[in-house]
Amino acid sequence: MKKIIDYLKNEFNSYSRNIRIALVVLCALVGLFIIFGIQILFWGLGYTDMSNLYPFGQWIIGDLGLVALGGGAFTTGFFLYIFRVEKLEPIINSTVLIGFMCYLFTLVFLVFDIGQPIRAWFGYTYPNWGPHLMPQSMLTEVVWCLTLYFCILFIELIPLPLKHKVLDKIPALHYIGHYMHKLMWIMAAAGTFLSFFHQGSLGGGMWGVLYAKPVWFDPMYFFWVIPAAMGGGTSFMLLCAYIAGKVMKKEVVPIETFHTLARISGVMLIIFLVTNAIHVYTQATIYVPAADRRYVDIFGGYYGLWMVVIEFLFTIAAIVFLNLKKFREQERFFLAGISLGALGVAMSKCTVVLHGSSVPNFPWRPFIGYNPTIQEWSVFLGGLATMVLIYMWAAKYLPLFPHLHKHENEEH
Amino acid sequence: MEHNESANITRKAPAMRRRWGMAIDLDKCTGCGNCAIACAQENNMPIFKDDSDLPKRVTFLDLMKVTNDRDAQYPNVHVAYIPKMCQQCEGNDPSDPKPPCVSVCPVVATDVGDDGVVSQVWSRCIGCRYCQSSCPYEARAFNWWKPRNEGRFQESLNPDVSIASRGTVVKCTFCSHIWKRERDKAVANGELDINAVLYTPACVASCPTGAMVFGDLNDPNSEVSRLSRDRRAFRLVHTIDEKPADEQKRLRGIKNYPNPKVYYLTSQQWIRDMQRFR
């Protein structure tokens, strides 16, 4: 026991002061996550600020955001393995790990969010399938697609630990890792197929089918959100790798990889901007008036219109910075572009849940305010902190960035 | 022998004709709250020492107090009470009912019967609250805490209604367990026609002024059917009803509408005006 404590102490002291502070904060958040997570699981959702008038809250925003931003994994894999954009090779391990964690913590947040996590398997045993193979409930589709894609990400992740210098020396594991990597295009294709569906269903279709709720209803909502996940997700993958490089003070990914993926992200964000504009237009001119309400009224309240405006401003700025070469090649504009791309998509998820849930159903009711409790913040931030810690661990001990390892080996 | 008899009964059983609906006369409603209490008693609503957290309270029938103008002074201020429960929506096509909450459930915990009543199986529900989000009438309640019936309330629990566990969504089912009880009685007396049995939900039975009427909307001679066609009748925030027939047809081509089976009646124009968002 003493040896373990000494090892941990030495390990902790081997880091710089800033990293040590970050580790303390992250571990504290994980501690709160465990404490309040137990409270929520055993004593119920009464400790949240959600209510019968505001049934979806912060964790659903987290789910939507993580799945959309994790969508960068399937997009990068699709361009690398199917379109053979080889320049993306140095970042693929990082994107697969982030994608895997995004989906893992989506499932973790869902466990906290549903009232009966012990019955979560009902989604597999009593699925709401409609006629033929079409799921009746968008959530049924989400449950199945999310699970299958999570399995695919897990398989995609296997070669990463197998490339560790210790495991790689074992011939059997070396060949398994090698051939799995060669056949990964099959997983990338299956992952893309599944991702298209659940990005559409969780991000948009789930809301677009709610015909009695004019703030959400839009039959084409399913399709609008797929480019959002592809654009915002790739920006997020770039942002994570960029921050990792800054923290490690090394070139973890070659600049061409950054720029190639940034261009893909920029183009996807243009499609997102156009489709999002069509979505707002159709809602404002067809579906909201069909419910005898006005768009400006329904997007009033505490959240509403200003969030939609910010969403558009962020997306437009990201498009400019990522698509124009003169901006993309300047580091600060590149950083602003990828940050705003990810934030624009995250903001669109806030608009859907935070604002959508606040809209009153009766004319004599006001908009509803939502103030997450310490339990909700702890589970949410603790989950994100766990993801950061796993990423930090993987960056240190696994060949997360092959480019970096190649350079280090060359130097030696 | 018994098996053959039961097979014959199944074959001979007539098709369901009933389409249950309700009419509530707001001009007669005094806001006494008897309906809400009867509902809570009949359906084993949890009762906590402190039930002041209204948005988290579990109740099937919410007595909404509305006023024409919060700042109005006497004698210009008007107040009305609107008893609001699940409105048993059916979507655009009553022959193929599609309530907004049914198709969204990922585990088929909620369904709509051939009598038009939207059911909910407490023990199947996983508590995702998607149905709550889809409901335009805020008619569904979630058990945020472990349901309790503190003190001597436990002794008055209704054995016909199961008690929901924490983390599940519950809702009004027009007291369909009472109908089942009445049907069982009728079957014991030799009556096998499912359409022969009528019943009264607890809220309607408890109303002291007769403001609530329950019955079969498919029967043109029933009182509820007659009241639903009354010129004083309207449906809660369902303003499409006020539009001309061709405009209604155009709008129904764009989207589904809830089309609830609960009708409200009033002769006070301000209550009808309040149903509009603009």
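## Sheet in chain B

In strand β10(B), Tyr264(B) is the bridge partner of Phe234(B). Strands β9(B) and β10 (residues 262–265) of chain B run antiparallel and are joined by 2 bridges; strands are DSSP runs of E, at least two residues long, and helices are runs of H or I of at least four, numbered from the N terminus. Two strands count as paired if DSSP finds at least two bridges between them.

These strands belong to an open sheet of 4 strands with mixed pairing, in the order β8-β1-β10-β9 (chain B). Because β8 (212–216) and β9 (233–234) of chain B stand at the edges with a single partner strand each, one side of each has no neighbour in the sheet.

## Basis of the model

This is a predicted model, in which local features need pLDDT of at least 70, side-chain atom pairs count only at pLDDT 80 or more, and totals for chains, interfaces and linings use all residues. Residues are numbered from 1 along each chain as its sequence is written, while chains are lettered from A and ligands numbered from 1 in the order in which they are written.

## Chain A

Chain A contains 18 helices and 0 strands. Its C-alpha atoms fill a box of roughly 70 × 50 × 45 Å along the principal axes.

Buried residues (20 or more other C-beta atoms within 10 Å of their own, with C-beta atoms placed from the backbone; exposed at 12 or fewer, partly exposed in between) make up 50% of the 412 residues in chain A.
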